[in-house]
Amino acid sequence: MEISCAMDWLLPASLFLLVVLLVYMYGTWTFSTFTRCDIPGPTPVPFLGNLIEIRKKNIFNALLDWSRQYGKTFGCFFMRAPVLLTTDLDILKEVFVKDFSNFTDRGDVIARPSLYPANLSVAGAKGDTWRRLRHTMTPTFSTGKLKLMNPSVNRCCDSLSQALQRHTEKRQLVDVKRVFGAYTTDVIAGTAFSLETDFQTNENDVFMQAAINLMRKATSMTLLSLIITFFPCIERPLRFFQISDAREDAKLVIRVINNLIEERKQSGQNEHVDLLQLLLDSEASEADIAAKPQDRQMTKDEIIAQCITIFLAGYETTAATLQYMIYLLAVNPDKQEKLYDEIITTIGDDTATYENVMSLKYLDNTLKETLRCFPPIPFVTRIAAETRTIKDVTIRAGTSVGVSICSIMQDDQIFPEPSKFLPERFDNEDMPTLIRELAFGMGPRQCIGMRLALYEAKMAAVTIVRRFKFIKVPETPEMITFSTSARFSSPDKLIFVGTELRNSQ
């Protein structure tokens, strides 16, 4: 009897222990990736990798600490996913530029369920599909196309200026995140879809609010995204069953864009000067694309996906850059006055245009220095198709390898006195272009919207700096601290500044 009872619980207990052991092995199997290659790095926690430290410190500070502790090249883990990060410029040039054919695909360290057709975007596309989409979209962001968008961007700048005027007259502090978030929302609505929104006074536009919610959910570490990161095999089933953290918001955004496309087709008019129309001019059937894959063309579903990507990529990063820039100018009034003098001397009261704002050298330096101090994206990665050894560092096939942007930007060997805001440092003509534009990534897969982002940021800066003086107030933080986002270097507290009208006004 005793033997029988023992057998009754022994088998279930053994099976339970076996399952626990297998799950544990699955959750830690990849943790020898870097130790086998003698690559240093923080010790991972079973199942979670280094996420606990990232959540505790935020990604920006975690990367800086690891770079100081382990040197230029180290390995870390986003749950099970091994990520090799480096600040070695020789390795980065090889990965992102010279041997790009082996490191073409992006390596998203936190997986997210994207609903069809959003999963067809150029950001996540691979191989030949990425090349075709990138090739098709590149002319959309040419200088000539951006110049045509000047009236739309100027309208948004006027709305931004009026909002700051109201704050100034009422002696209200300016929440720079809200103000510049509204500005970039209006710019994207106008330049991408020819929609005349005014988020400074009306945040109730259902479509734009859904798009913002979609962006916020897409950039946060939700429970579902962590589960997919741990079990990548479930991503396809979730996509098939249309399961996502942002399901309703995504469906609304997709439906509205689809309706805009159908309205334009039915009207037979293509007089719109926006990104949507430029993409529609390249529309083709799947059969046509299969017959001529080298041509600049994409399907309707791919066009919708690119529209969503343009919004997601352009909203948070540009808004964050502008809020950081105004914060830095407020706490560095001498730099603010130098920028003001350049604007008044060069442009005066003339209407801001693509030509005159892009010619301002100190403004360009100011933006680049802002991006150095607070790069919106702390790191970018690529996946190795085949194993490579670069400078005695072995990068195994399937491993994500990337650049720790924030670590390079804070490297005192590259940027002396990195804690100081010194736009003048970018007067150095010997500084490599790779470093100057690093905030947007590097190589053939560098951010395709870089020109648009810089253009709209410079238009906003010229419009408001020549009208307003931004002032540090008691509510202005002495130091910026970041949220726990794994994708963006977002401040964890609101940034407030004061404003005064310039005397010339």
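These legends describe close-up views of a predicted model.

The model is predicted, so local features need pLDDT of at least 70 and side-chain atom pairs count only at pLDDT 80 or more, while totals for chains, interfaces and linings use all residues. Residues are numbered from 1 along each chain as its sequence is written, and side-chain values use heavy atoms, with hydrogens and water left out.

**View 1. A mixed open sheet of four strands.**
The strand order is S1-S2-S7-S4, and the pairing is mixed. Strands (E, at least two residues) and helices (H or I, at least four) are DSSP runs numbered from the N terminus. Two strands pair if DSSP finds at least two bridges between them. Strand S1 (73–78) and S4 are the edge strands, each pairing on one side only. Neighbouring strands are turned by 30° against each other on average, direction ignored. Axes here are lines fitted to C-alpha atoms, for helices over the stretch in contact, and angles run from 0 to 180 degrees between N-to-C directions.

**View 2. Strand S7 and its two partners.**
S2 and S7 run parallel, joined by four bridges. Leu84 has Val401 in S7 as its bridge partner. With S4 (residues 379–383), S7 (residues 400–404) pairs in the antiparallel sense over five bridges. Here Val380 stands opposite Val403 in S7. Four of the five residues of S4 are buried. Buried means under 20% relative accessible area, exposed over 50%, and partly exposed in between (1.4 Å probe, protein chains only).

**View 3. Helices H3 and H4 across the sheet.**
Helix H3 (residues 59–70) lies across S1, S2, S4 and S7, and runs at about 140° to S1. H4 also lies across S1, S2, S4 and S7, at about 125° to S7. Contact means heavy atoms within 4.5 Å.

Thr87 is buried, with a relative accessible area of 10%. Leaving out residues up to four places away in sequence, Thr87 touches Ser67, Lys72, Leu92, Ser404, Ser407 and Ile408.

**View 4. Helix H15 against helix H21.**
Two packed helices are described by the angle between their axes and the distance between the axes. The axes of H15 (residues 300–331) and H21 (residues 450–465) come within 10 Å and cross at roughly 35°. H15 brings Thr318, Leu322, Met325, Ile326 and Leu329. H21 meets them with Ala453, Glu456, Ala457, Ala460, Ala461, Ile464 and Val465. The contact residues divide into ten nonpolar, one polar and one charged. Ala, Val, Leu, Ile, Met, Phe, Trp, Tyr, Cys and Pro count as nonpolar, Asp, Glu, Lys and Arg as charged, and the others, Gly among them, as polar.

**View 5. Cysteines without a disulfide.**
The count is zero disulfides, a disulfide being a pair of cysteine sulfur atoms within 2.5 Å. For Cys156, the nearest cysteine sulfur is that of Cys157, 7.0 Å away. Cys156 is buried at 1% relative accessibility. Cys406 is buried at 0%.

**View 6. Two loop residues with positive phi.**
Most residues other than glycine have a negative phi. Asp392 has a positive phi, near 70°. Asp392 sits in the loop between strand S5 (388–390) and strand S6 (393–395), and is exposed at 75% relative accessibility. Glu417 has a positive phi near 50°. Its loop lies between helix H19 (405–409) and helix H20 (433–436). Glu417 is partly exposed, at 44% relative accessible area.
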